[in-house]
Amino acid sequence: MRIGVLTGGGDVPGLNAAIRAVARRSFIYGYEVRAIKNGWGGLVEGNIVPLTRSMISGILHVGGTILGASRTNPFRDKALARICLDHFQEFGLDAIVAIGGEDTLGVATRFYEEYELPVVGVPKTMDNDVRGTDYCIGFDTAVTTVTDALDKLHTTASAHHRAIVVEVMGRHAGWVAIIGGLAGGADYIFTPEVEGSLEDLCEHVQNRWRQGSTFSIIVVSEGARIKEIAYSEEELGARDEFGHVRLDRRGLAETVAKEIERRTGFEARSVVLGHLQRGGSPTVFDRVLATRLGVHAVELVKDKQFGYMAALQGNKVVSVPLKEATSGIKTVDVELYELARTFF
Ligand code: F6P
């Protein structure tokens with residue numbers, strides 16, 4: 001058995017832990033492992049090399065991915081998808097473990113459904129928006145970074161009696177904003193799931209001031225819906241191969257901070273956490289999650305249960321059909337947002 005492993009989409013801490021788990025479990029069964037470099041791009045280009053024991057040594061705690069990542073979509077052109085199938089044969093692969101989010105796993109689903117390619121998935125994305133799993137690798141580390149940042153911003157905001165608007169990633173799901181905001185004691189959160197308003201925010205900031213809290217921490221998700229701020233993806237420039245625009249180009253945090261100053265007269269600043277949320281060492285939770293999901297992926301391959309994704313439901317690792325996992329994104333329940341509102 002020769003297993004190819006790849007990591008696609010945005011990197012997150014915990015990817016190396018997952019790669020190590022896939023390799024270590026494979027070696028126990030006497031399987032060979034191949035590193036498919038830079039996501040699906042490596043299968044398109046035939047950039048595939050043996051993954052050896054020494055390559056996976058000492059990587060458990062290291063962020064990034066030793067395989068490299070890309071947002072290559074082989075289905076942007078059917079000819080590329082065909083080349084991938086040829087390379088699969090040429091490099092003698094028997095299975096692929098695709099570690100990624102909705103895009104990478106979406107490609108895995110198509111390869112399995114349309115070409116019966118023996119592929120299994122492992123969910124990773126700091127956005128935490130893959131269906132069928134409670135958690136994706138990288139989310140816990142990202143919200144831990146957000147929480148640390150909010151703790152630090154609280155002290156300076158309070159010392160200077162300012163509002164600080166903190167922009168976080170998450171694309172079309174507010175997991176990072178809502179969980180990070182809850183854990184970091186945000187005084188207001190804007191998220192994609194529930195439309196917020198600047199009027200409501202400013203009234204809230206003013207009320208806080210009247211009640212003696214002369215500072216406010218506002219978390220805004222890059223994909224948030226805010227009544228008074230127009231949102232047209234067309235104006236945000238080029239799209240990637242999966243059709244996504246760069247949401248950081250909205251400059252939401254700065255716009256919200258300026259509006260707070262204009263509408264309330266209070267001093268406001270903005271901070272964009274950006275790719276810091278995808279850096280550093282993985283948390284304990286992400287290391288263990290990545291390890292459990294990576295091992296399970298090899299079990300799926302061993303049992304020839306292709307077209308499935310290793311997932312965490314409750315505290316159990318389960319197998320979920322890739323088709324189900326990629327049927328849409330998993331957004332945050334409104335109840336959780338309502339819970340966060342208790343602390344506004
Ligand atoms: O999907 C993960 C993610 O970090 C999103 O939250 C964000 O919108 C996007 O990737 C940023 O992508 P890039 O690193 O390509 O700018």
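The lining of the largest pocket divides into eight nonpolar, eleven polar and 15 charged residues, where Ala, Val, Leu, Ile, Met, Phe, Trp, Tyr, Cys and Pro count as nonpolar, Asp, Glu, Lys and Arg as charged, and the others, Gly among them, as polar. The model is predicted, and local features need pLDDT of at least 70, side-chain atom pairs count only at pLDDT 80 or more, and totals for chains, interfaces and linings use all residues. Residues are numbered from 1 along each chain as its sequence is written, while side-chain values use heavy atoms, with hydrogens and water left out.

This largest pocket holds about 590 Å³ of space, and among its 34 lining residues Arg71, Met169, Arg171, Glu222 and Arg278 lie nearest its centre. On a 1 Å grid over the protein atoms alone, a pocket is an open set of points with protein on both sides within 12 Å along at least five of seven lines, a cavity is a set where a 1.4 Å probe fits but cannot get out, and lining residues have an atom within 4 Å of a point. Grid points are joined across faces, edges and corners, and a volume is the space filled by probe spheres set on the points.

Domain 1 (2-138 + 282-325) and domain 2 (140-279) each contribute at least three residues to the pocket lining, the domain bounds coming from an automatic or database domain assignment. Helix H4 (102-115) and strand S6 (163-168) each supply at least two lining residues, and H4 gives the most, with three; helices (H or I, at least four residues) and strands (E, at least two) are DSSP runs numbered from the N terminus.

| Cavity | Volume | Lining by class |
|---|---|---|
| Largest cavity | about 40 Å³ | five nonpolar, four polar, two charged |
| Second largest cavity | about 40 Å³ | two nonpolar, five polar, two charged |

Residues lining the largest cavity include His161, Trp209, Phe215 and Glu267, whereas those around the second largest cavity include Trp40, Asp103, Phe242 and Arg71, and Arg71 is also among the residues nearest the centre of the largest pocket.

Helix H7 (residues 198-210) and helix H8 (residues 252-264) pack at an angle of about 60°, with their axes 10 Å apart; axes are lines fitted to C-alpha atoms, for helices over the stretch in contact, and angles run from 0 to 180 degrees between N-to-C directions. H7 and H8 are therefore oblique to each other, since angles under 35 degrees count as roughly parallel, over 145 as roughly antiparallel, 65 to 115 as roughly perpendicular and the rest as oblique.
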